[in-house]
Amino acid sequence: MTKRKRNKSGCVFFILLAIIVLAVAIFTNPDAQAHKEALKAKSNAIMDEIVAERNDALSATAWQLAGTRLLNEFIETNLTVDNYYLFSVPKVNWDGKSYPVGVGAFGYVYITNELNKEVVQPIIDDMEEKISNTLPDILKQFQLN
C-alpha cells in the first residue's frame, strides 16, 4: 500500500510541475513588440552583411540614410504574430503570402537562420528601388545595384 501512495505522490508532483511550467510559458510568452525588435536586429545584421559585400560607398550611405527607416517600416507593417499562449510565431506577410520566421517562448524570440540574405534580397531590391526613386536625377546615374 505504501508503494501505491508513493506513485500517487509522484503523479501529483509531476502534474504540479507541468502546471508550473505551463504557467511560466504563458506569462513569459514574448509580445509582438519583442518579435519586431528581434526581427529588426536580424534584418539589420543581414543588411550590414550585404552592404559590406558590395563595398560600395553609395550603398552604405543610402542604407544609413534611408534603408534602416524603410526596413523598420516594413517590419512594423508586415509582421504579424500568432499567439498560441505557450509560444508565439512571428510571420512576415509579403507578396500575398505569410512566412513564419521564428518562434517566441519563455521570454525569448528566436529568428530562424532560414531568414538570410537570399530570402531578404527581393525585399532589399524593392527598398533600393524606393530609395532610388527618391534620389535627385543627378544621383540616379550611380544606381545602388
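Predicted model: local features only at pLDDT ≥ 70, side-chain atom pairs only at ≥ 80, totals over all residues.
Q: Which residue forms a salt bridge with E73, and where do the two residues lie?
A: Both residues of the pair lie in helix 3, four residues apart, which is about one turn of the helix. In an α-helix there are 3.6 residues a turn, so residues three or four places apart point the same way. The closest N and O atoms of the salt bridge are 2.9 Å apart, and the partner, which is partly exposed with a relative accessible area of 46%, is R69 of helix 3.

Q: How many helices and strands does the protein have, and in what pattern do they follow one another?
A: The protein has five helices and five strands. Read along the sequence, the order of these elements is α-α-α-β-β-β-β-β-α-α.

Q: What share of the 145 residues is buried?
A: The cut-off for a buried residue is under 20% relative accessible area. The accessible surface of the protein comes to about 9,800 Å², with 61% of it belonging to carbon and sulfur atoms. Of the 145 residues, the buried share is 28%.

Q: Among contacts between residues at least 6 apart in sequence, what percentage joins residues at least 24 apart?
A: A contact here requires heavy atoms within 4.5 Å. Among contacts that join residues at least 6 apart in sequence, the part that joins residues at least 24 apart is 60%.

Q: What is the N to O distance in the salt bridge of K40 and E76?
A: At 12% relative accessibility K40 counts as buried, whereas E76, at 34%, counts as partly exposed. The side chains of K40 and E76 meet in a salt bridge. Since K40 lies in helix 2 and E76 in helix 3, the pair ties together parts that are 36 residues apart in sequence. The N to O distance of this salt bridge is 2.7 Å.

Q: Which residues are linked in a network of salt bridges?
A: The structure holds five salt bridges. Both K36 and K40 form salt bridges with E76. The residues linked in the network are K36, E37, K40 and E76.

Q: Which helix gives the largest share of the nonpolar patch?
A: The patch has an area of about 930 Å² and is made by L22, I26, F27, Y84, Y85, L86, F87, V103 and Y110. Patch residues need over 30% relative accessible area, and L22, which is placed in helix 1, counts as partly exposed at 40%. The largest share, three residues, comes from helix 1 (residues 2-27).

Q: Which residue takes a positive phi in the hairpin of strand 2 and strand 3?
A: Strand 2 (residues 88-94) and strand 3 (residues 97-100) pair in the antiparallel sense over four bridges, with W94 opposite K97. The hairpin has two residues between the strands, and the residue with a positive phi near 55° is D95.

Q: Which residues form the covered face of strand 4, and which residue takes a positive phi in its hairpin with strand 5?
A: Strand 4 (residues 102-105) has an uncovered face made of V103 and A105, while its covered face holds G102 and G104. Four bridges join strand 4 to strand 5 (residues 108-111) in the antiparallel sense, and the bridge partner of A105 is Y108. Two residues stand between these strands, and the positive phi, near 50°, belongs to F106.

Conventions:
Residues numbered from 1 in each chain as written. Heavy atoms only, no water. Buried < 20%, exposed > 50% of the residue type's maximum accessible area, 1.4 Å probe, protein only. Areas by Shrake-Rupley, 256 points an atom, 1.4 Å probe, with all protein chains shown as cover. Patch = residues over 30% accessible without salt bridge, like charges linked within 9 Å, V, L, I, M, F, W, Y side chains within 5 Å. Salt bridge = Lys/Arg side-chain N within 4 Å of Asp/Glu carboxyl O. Pairing = 2+ DSSP bridges.
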